[in-house]
Amino acid sequence: MNPPLWLSLLIFVPWVGATVVAALPPRMSRGVSLALSLSTLALGLACYAVGPGIQEGFEWMPALHIRYHLALDGLSLLLVLLTGVIGPMSLLASWAVERQGRQFRSLFLVLQGSAVGVFVAQDFFLWFIFWELSLVPAFFLIRMWGGPGAGRAAYQFVIYTLGGSAFMLAGFAAVYAATGTMDFAALQTLPPGTLAARLGPALATAAFAGVFLGLAVKVPLFPFHTWLPAAYAEAPVGVSMFLTGVMAKMGVYGFFRILWPLFPDQLHAASGVLLWLALAGVLVGAFAALAQTDLKRMLAYSSLNHVNTCLLALFAVTAFRGPAGPPAAGAAAAALDGALLQMFNHGLSAAALFFFVGVLEARRDGRRGLDDFGGLRAAAPVFAGLCGIAMFSALGLPGLNGFVSEFLILRGVFGLAPAMAALSCLGLLVTAVFLLTFYQRVFHGPRRPADPPFPDLSFREIATVGMAVVLMAVLGVLPHPLLHLVNGLATLWAGPLGWLPAPVS
């Protein structure tokens, strides 16, 4: 079954809705924008019921061999569902935005539609349009509604990302010159070594480096992360939720969708160095978070730690040089399963934690320091309980969704690069320390006598984070609904050599 236009609707319902919201009365724009944002989840669930394999396409620019080609496999569907959950959460978290509220919600819908486009586009030209277009609303959302340092943070975010994109565009121009196509499916069917044979080894490596830089900045992979703390800390809370929950996953998605299938030889050759960079991201993110007193900056560095864990799994698979038997293939499949699940699981927990910090900030006139709170468990038990679930999910407590993906990553990496897995466990330990310190100080520390009463979560605030918290618990004991989406891909990608990805239809 191939339902017509479902994938296009995933993109264009939010986009068309953005123009409608911009013309509505301010109060009406809240409910309408939320309904339009929920359309992504509704269509994503309908696609889930049908199953992966939905495609749309037609010749868009035949003279240039450019197609309007959309497709949905298990990885794309996983991230469409994640966007469908995080998007409405972010809008509900931004419910109180009144200054130019229609413009805020309109820009957010453009951002959401662009992110979905990145996950379903199968032609690089089309994919790059969505990739770049997502920067425009993100810049204005940070710049116009962010904190005191929002201007600098927004410019830094855009300049870094545009700089990386320029290298990526140059790299793909070389791929197009060598192959005559930008269609991902067509490129994946090329025999191994085709790019090096047509471009020459040096130019093929340069093309790989260009695409790599564009993706590494977006994730970000260490050391391309310096834009991240300011952008996440200065963005309004709903935008911070979307940045960490969805936009960071766009970069990781690009590694799996573009870099690895198209440049397996070059990635294999570079993976020894990249593995150390990913490990550095895991450790630097954890130790930098431990040193923070600003709660949003702490969560920003925590996000760096978690997304680099996904890349650690990928690079461990691509760097493997041992016997390519069943044990290696099993470890590779486990590492890839864990990395793909981690994108979804971290998106839920990180977005929820940013929301809870936003609640603290709103209740205390913009304060969000580690020592600005204390004793909130007694005053706001519902808030403390839900925040505790999100916090334990982020640190990988058994029984919650974060444990499943982190266990699979460690199980796989231990089978392929045991020293790296052992060192990465230090990052897990430090993550537990800073998250438990945050929870102890805010909810169990001494109450500040001068502070006014702290109201518990309202019904709207519970609704904002409720779906994510329920999913953290359900997917912790029943991960199969998502695992079956990615397990076939991970097993196929593990391949007979343990690192060379097989083509995906």
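Biologist: Is Ala 288 buried or exposed?

Modeller: Quick caveat: this is a predicted model, where local features need pLDDT of at least 70, side-chain atom pairs count only at pLDDT 80 or more, and totals for chains, interfaces and linings use all residues. Residues are numbered from 1 along each chain as its sequence is written, and side-chain values use heavy atoms, with hydrogens and water left out. Buried means under 20% relative accessible area, exposed over 50%, and partly exposed in between (1.4 Å probe, protein chains only). Ala 288 has a relative accessible area of 17%, so the call is buried.

Biologist: Which helix holds Ala 288?

Modeller: Helices are DSSP runs (H or I, at least four residues) and strands likewise (E, at least two), numbered from the N terminus. The run covering residues 264–291 includes Ala 288, and that one is helix 13.

Biologist: How are helix 13 and helix 19 oriented to each other, parallel or antiparallel?

Modeller: Axes are lines fitted to C-alpha atoms, for helices over the stretch in contact, and angles run from 0 to 180 degrees between N-to-C directions. Angles under 35 degrees count as roughly parallel, over 145 as roughly antiparallel, 65 to 115 as roughly perpendicular and the rest as oblique. The axes of helix 13 and helix 19 (residues 418–444) come within 8 Å and cross at roughly 20°. That makes helix 13 and helix 19 roughly parallel.

Biologist: How many charged residues does the contact of helix 13 with helix 19 have?

Modeller: Contact means heavy atoms within 4.5 Å; the residues involved include Leu 275, Trp 276 and Phe 287 of helix 13, and Met 420, Gly 427 and Phe 434 of helix 19. For classes, Ala, Val, Leu, Ile, Met, Phe, Trp, Tyr, Cys and Pro count as nonpolar, Asp, Glu, Lys and Arg as charged, and the others, Gly among them, as polar. The contact has 15 nonpolar and three polar residues, and the number of charged ones is: no charged residues.

Biologist: What about helix 3 and helix 4: parallel or antiparallel?

Modeller: Helix 3 (residues 74–93) and helix 4 (residues 101–120) have axes 9 Å apart and pack at about 170°. Their contact brings together, among others, Ser 76 and Leu 79 in helix 3 with Arg 105 and Phe 108 in helix 4. By class, that contact has eight nonpolar, five polar and one charged residues. Going by the angle, the two helices are therefore roughly antiparallel.

Biologist: Which residue caps the N-terminal end of helix 5?

Modeller: Helix 5 (residues 124–133) is mostly covered, with seven of its ten residues buried, including Phe 124 and Trp 127. A side-chain oxygen lies 2.9 Å from the backbone nitrogen of Phe 125, and the capping residue that supplies this oxygen is Asp 123.

Biologist: What is the relative accessible area of His 65?

Modeller: His 65 is in the loop between strand 1 (54–61) and strand 2 (66–72). Its phi is near 60°, a positive value in a residue other than glycine. His 65 counts as partly exposed, because its relative accessible area is 47%.

Methods: A polar contact is a pair of N or O atoms within 3.5 Å; within protein, one must be able to donate a hydrogen and the other to accept it, and residues adjacent in sequence count only if both atoms are side-chain atoms.
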